[in-house]
Amino acid sequence: MAEQAESIDNPLHEAAKRGNLSWLRECLDNRVGVNGLDKAGNTALYWACHGGHKDIVEVLFTQPNVELNQQNKLGDTALHAAAWKGYADIVEMLLAKGARTDIRNNEKKLALDMATNAASASLLKKKQGPDIMRTLSNAEEYLDDEDSD
């Protein structure tokens, strides 16, 4: 009985976190806002990307006005989460949908900086184009003598 008393603030977020497709669909059918934020400022899309739930991401993408670039309290977007967790397939989906690669989180990191595998990193590099790569390689040369403040 006690378990039932526990209220879930964001059922859509929970469904996305757990990869529970039928629950997610039920939430959306009941018009639970697709861009609602939890206490940490995360969207359901963020949690789906963080959990590597490709099917959930696909369903969320079918929602009109789904916000791809919402930043949570740490400044991370769904793309940051997918890159950090190494889900290259989801990184690819987000990029195809038009997710921005130029958003920096509170630690000034791009999704590319957080990529934990080569597949995700190369997708992000390709998307960012040659200009940013030139900037990055120049920055690396000066990184060693950079004084930390």
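Predicted model: local features only at pLDDT ≥ 70, side-chain atom pairs only at ≥ 80, totals over all residues.
R31 is exposed, with a relative accessible area of 76%. A second residue of this kind is N65, whose place is in the loop between helix 5 and helix 6; the phi of N65 is near 65°, again positive in a residue that is not glycine. N65 is exposed as well, its relative accessible area being 67%.

### The chain as a whole

The protein chain holds nine helices and zero strands, so that its pattern, read along the sequence, is α-α-α-α-α-α-α-α-α. Of its 149 residues, 40% count as buried. Among the contacts between residues at least 6 apart in sequence, 64% join residues at least 24 apart.

### Helix 2

In helix 2, which spans residues 11-18, the buried residues are L12, H13, E14, A15 and A16. These buried residues pack against helix 3 (21-29), helix 4 (44-51) and helix 5.

### Helix 7 and its two partners

Helix 7 covers residues 88-97, and its buried residues are A88, I90, V91, M93, L94 and L95.

| Helix pair | Axes come within | Crossing angle |
|---|---|---|
| Helix 5 (residues 54-61) and helix 7 | 10 Å | roughly 10° |
| Helix 6 (residues 78-85) and helix 7 | 8 Å | roughly 155° |

The axes of helix 5 and helix 7 cross at roughly 10°, which makes helix 5 roughly parallel to helix 7. In this pair, K54, V57, E58 and F61 of helix 5 meet D89, I90, M93, L94 and K97 of helix 7. The residues of this contact divide into five nonpolar, no polar and four charged.

For helix 6 the crossing angle with helix 7 is roughly 155°, and the two helices are therefore roughly antiparallel to each other, since an angle over 145 degrees counts as such. Their crossing is left-handed. Here A78, L79, A82 and A83 of helix 6 meet I90, V91, L94 and L95 of helix 7. By class, this contact has eight nonpolar, no polar and no charged residues.

Taken together, the two contact lists show I90 and L94 of helix 7 meeting residues of helix 5 and also residues of helix 6, and both I90 and L94 are among the buried residues of helix 7. M93, also buried, takes part in the contact with helix 5, while V91 and L95, buried too, take part in the contact with helix 6.

Terms used
Residues numbered from 1 in each chain as written. Heavy atoms only, no water. Buried < 20%, exposed > 50% of the residue type's maximum accessible area, 1.4 Å probe, protein only. Helix = DSSP H or I, 4+ residues; strand = E, 2+ residues; numbered from the N terminus. Axes fitted to C-alpha atoms, helices over the stretch in contact; angles between N-to-C directions. Parallel < 35°, antiparallel > 145°, perpendicular 65-115°, else oblique. Contact = heavy atoms within 4.5 Å. Nonpolar A, V, L, I, M, F, W, Y, C, P; charged D, E, K, R; others polar. Left-handed = near helix turned anticlockwise from the far one by under 90°.
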